[in-house]
Amino acid sequence: MMGSDTRFLLILALPFLAAALAPILFRRLPAIAAAGLALFPAAAFAILLSALAPVAGGTAILAGFNWIPELGIHFSVRLDGLSLVFALLITGIGTLIVLYAGAYLGQHRDRGRFFAFILLFMGAMLGLVLADDLATLFVFWEMTSVTSFLLIGFDHEREAARRAAIQALAITGGGGLALLAGFLTIREVAGLGSMTQILASGEALRMTAAYPAILILVLCGAFTKSAQMPFHVWLPNAMEAPTPVSAYLHSATMVKAGVYLLLRLNPALGGTALWETILPAFGSVTLVGGALLALRASDLKMVLAYTTVASLGLLVMLIGAGSQEAVAAAVLYLIAHSLFKGGLFMVAGSIDHGAGTRDIERLGGLRAAMPLTFAAALLCALSMGGVTPLVGFLAKETIYHALVEGDAASALLLIAAVAGNALMFAAAFLVALAPFVGDRPGAIAHPHEGPPALWLAPLVLGGLGLAAGLFAPAFHAAFSVPMASSAAGRPVAIDIGIAPHINLPFALSLATIAIGIVLYLTASRLRRALVRGLEAIGWGPDRGFDQMMRGLLRGAFGITRILQNGRLDIYITVTFTVIALAVWLPMTLTGTLPAVPVMPHLRFYEWMVLALILIGIFAVVRAKNRLTAIVSLGIQGFAVALLFMLLGAPDLSFTQFMVETLSVVVLALVMTRLRLSPSDHRPWREMLPDVALAVAGGAGIGLFLLRLTQRPFDNALSDFFTAYSRTIAHGRNIVNVIIVDFRGVDTMGEIAVVMTTGLAILALIGIRVIRRDGAPAAVSPAAPAAGEARP
Amino acid sequence: MEAALAFVVGMLFAVAIYLLLSEHIIRMLLGLVLLGNGVNLLIFAAGRASAVAPPIIPVDADVPSAVTANPLPQALILTAIVISFSFFAFLLVLAYRVYQDLGTDDTDRMRLAEPEDDDLPPLGY
């Protein structure tokens, strides 16, 4: 069932509108700017809520217009269970983030810019999940990469922030290009241009021969965006961004774009052996690796960033596991993760704000000073640890349930899931419990709660996690079932509740928590061991990125040195070689060499003029001194003028006479001052290649002209000018009429060129000559100044 | 006539290319003048050169009384002659100032824009 409603096209404009307003608002009304801007995503959220009922009923709402009809590209959106939940998360968490950021940034100088960027990102992300047309989706996909670049590099005066921004852009942008190639392949091979078409195509994509190529290209896009190992390095580095950005882009929304794409394409691309091999392989490695790296870190944000990497790995692994229940588990975990991870990041920011540090080893005893933040942190951490009655519990039970029923391969995935979840349990409480309990170190002088938005926003997210667990049936009906059904491509039933049942998944849950507690208690020893281990390895993908970038620069530099070597003779040699090839190759390859011409019947004086030209040009080459060269150049020029005269072109002839005269005079003036020899003193060995190229080029052009003149001539233009010169333009000299009338604007351009050249010459003569060593030069440049060494 | 012109054009191009391949600015300038003439004659010959009457309409007629030379290439060449002259004049003065400044007319030694010992660009971020 499908419906149409343009309201959902309009909500896309809201964040962009807010982004445009942000800088002005912060300049004029700084006190209420953040709250005012939060109204925009809140309004979008409210409109989206109105779609809950029809979408839960199985309707997909479509809207859009023709964008580039010539290419069959539409600007269209599709609102179904999957995109609706994503859109609600983006606008809902986005509203909280805007409020939180308003309090977090305080009186920061560049607040306006920051809010413009983050709202731009919100619009891009909303467009990404709503987009139906593949081209629309790709545009928004890249827009999220670009806005993420801007936000990570927000503090652009630090090199670390610049590096992180470039790294994120290079990795996600590179993946985006692969995704574009994948989309184009889908379009070319299967003729599918939108998600709606793809979802309706059934087996079409899986059956094409290009399926492996499509899959790998799409996965390149999804894996880079969703930070699967080894592309994960940009995500921890993105923690250079201000904390609200980390909470929003790099945990709750953008990094899930890849997961969104996989869920979206699961009905069309999933279910194959390739899909069920690649996804779990990458996902499980990322899950365990990310969770281990999380325990190595001591910065709260880094711990959270690596658990995000691990969570994304878990999601990819579940999507790849294939079963309907695994997809349901992925959906539940995705929602739970957005809530608790966004909240935990905000908590980390509040701790930083209140205690002045984010280092786990220097934090402790904040519970009395920051009770509300502590409460929010605990709510989120319990959800992350999968403790009932929070939504994280529902997710973890479903994950284990989905993996328990599988074969031997899914037993491996089950082990990975338990290990990853236990590690993440420990990480969650390292962030949410360790800073608040124990004794307060003396270094933390005045811990304090921040403004209300700093503790309220994470508290709301934690509370939502609790509410989703407590009202599980309603939560499933409104959110998880429609979303899972969209992602699975058929109706999915989810009935997991908060009451534990005694079965294998529950036992695994208990085991996870037990291992997690042990890991938490031994965290500092574990961290030291992990740090030592990683130091022993030394190399990692992060350092690999640096090596790649340096290699790229060196390679580009080397190629530039070859191509732009600064030697004019090489440039000219290349240019004329290409010209000679361009003339010769088509003629010889297509067999269109000119016919051997008959000896032309020319009058005696015509032969003489032609001979004069030839004598002149050879004399120029062979000239041993300046005077001979100048005179010879004059001879050939005047001979050309004579030729024009003989061939019915008196205007050309007069102009040529004048120009040649001037050229000879100017040349004589300059050359006598320069005392330069016009002749060439080079051994034959060096001259031969030049001679060969000159002969090849000259012969090629000559043959080309001969061939041209042997073909029939199209007189249309000349006839037009001849016929209308007198009747329309009232001139008798047709050449003059063409120049001043038919092509008058051209002539004006020509005059402008001549005038500009004159001015440039004037300027060149006017400037005072400064020698390279700084001393003013003598006007007569007889010899370099004394003591001046020239290589 | 076109065949003879094609030969002359080929010769002009060959000599012009040879001179342009030299490393001495003055020889390159000479080559440039020859190249300009070669291109002009090429355009002329491409418009055919059989008729020799100038394209001028008699006083008492609206169109020429006999077949005239092709006016279109002539108009093009007229523009080209002027442009190539101003180009030549500018280059000549430029070469003169360069010689005053650098003390050489060897293009291999004019390495200000693209120095031979260029360093790697900064490798940081």
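## Exercises: finding your way around this model

Not counting residues up to four places away in sequence, L403(A) touches A321(A), S410(A), L413(A), L414(A) and A417(A). Contact here means that the C-beta atoms of two residues, placed from the backbone, lie within 7 Å.

The structure is a predicted model, in which local features need pLDDT of at least 70 and side-chain atom pairs count only at pLDDT 80 or more, while totals for chains, interfaces and linings use all residues. Residues are numbered from 1 along each chain as its sequence is written, and chains are lettered from A and ligands numbered from 1 in the order in which they are written.

**Exercise 1. Find the place of L403(A) and decide whether L403(A) is buried or exposed.**

Step 1. Look in helix 19 of chain A, residues 391–404, where L403(A) sits. Helices are DSSP runs of H or I with at least four residues, strands are runs of E with at least two, and both are numbered from the N terminus.

Step 2. Count neighbours. A residue is buried if 20 or more other C-beta atoms lie within 10 Å of its own, exposed if 12 or fewer, and partly exposed in between, with C-beta atoms placed from the backbone. L403(A) has 27 C-beta neighbours inside 10 Å and therefore counts as buried.

**Exercise 2. How do the axes of helix 2 and helix 3 of chain A cross?**

Step 1. Two packed helices are described by the angle between their axes and the distance between the axes. Axes are lines fitted to C-alpha atoms, for helices over the stretch in contact, and angles run from 0 to 180 degrees between N-to-C directions.

Step 2. The axes of helix 2 (residues 13–28) and helix 3 (residues 33–49) of chain A come within 10 Å and cross at roughly 175°. That makes the two helices roughly antiparallel. Angles under 35 degrees count as roughly parallel, over 145 as roughly antiparallel, 65 to 115 as roughly perpendicular and the rest as oblique.

Step 3. Residues of helix 2 of chain A in the contact include L14(A), L17(A) and F26(A), and those of helix 3 of chain A include L37(A), F40(A) and A44(A). By class, the contact has 13 nonpolar residues, one polar and no charged. Ala, Val, Leu, Ile, Met, Phe, Trp, Tyr, Cys and Pro count as nonpolar, Asp, Glu, Lys and Arg as charged, and the others, Gly among them, as polar.

**Exercise 3. In what sense do strand 2 and strand 3 of chain A pair?**

Step 1. Strands pair if DSSP finds at least two bridges between them. Strand 2 (residues 60–68) and strand 3 of chain A have seven bridges, in the antiparallel sense.

Step 2. Find N66(A), which stands opposite H74(A) in strand 3 of chain A.

Step 3. The two strands form a hairpin with four residues between them, and G72(A) in the turn has a positive phi of about 70°.

Step 4. Strand 3 of chain A, residues 73–79, is mostly covered, with five of its seven residues buried.

**Exercise 4. How many residues does each chain bring to the contact of chain A and chain B?**

Step 1. Chain A brings 97 residues and chain B brings 83.

Step 2. On the side of chain A, helix 30 (residues 684–709) gives the most, with 14 residues.

Step 3. That side of chain A has 59 nonpolar, 20 polar and 18 charged residues.
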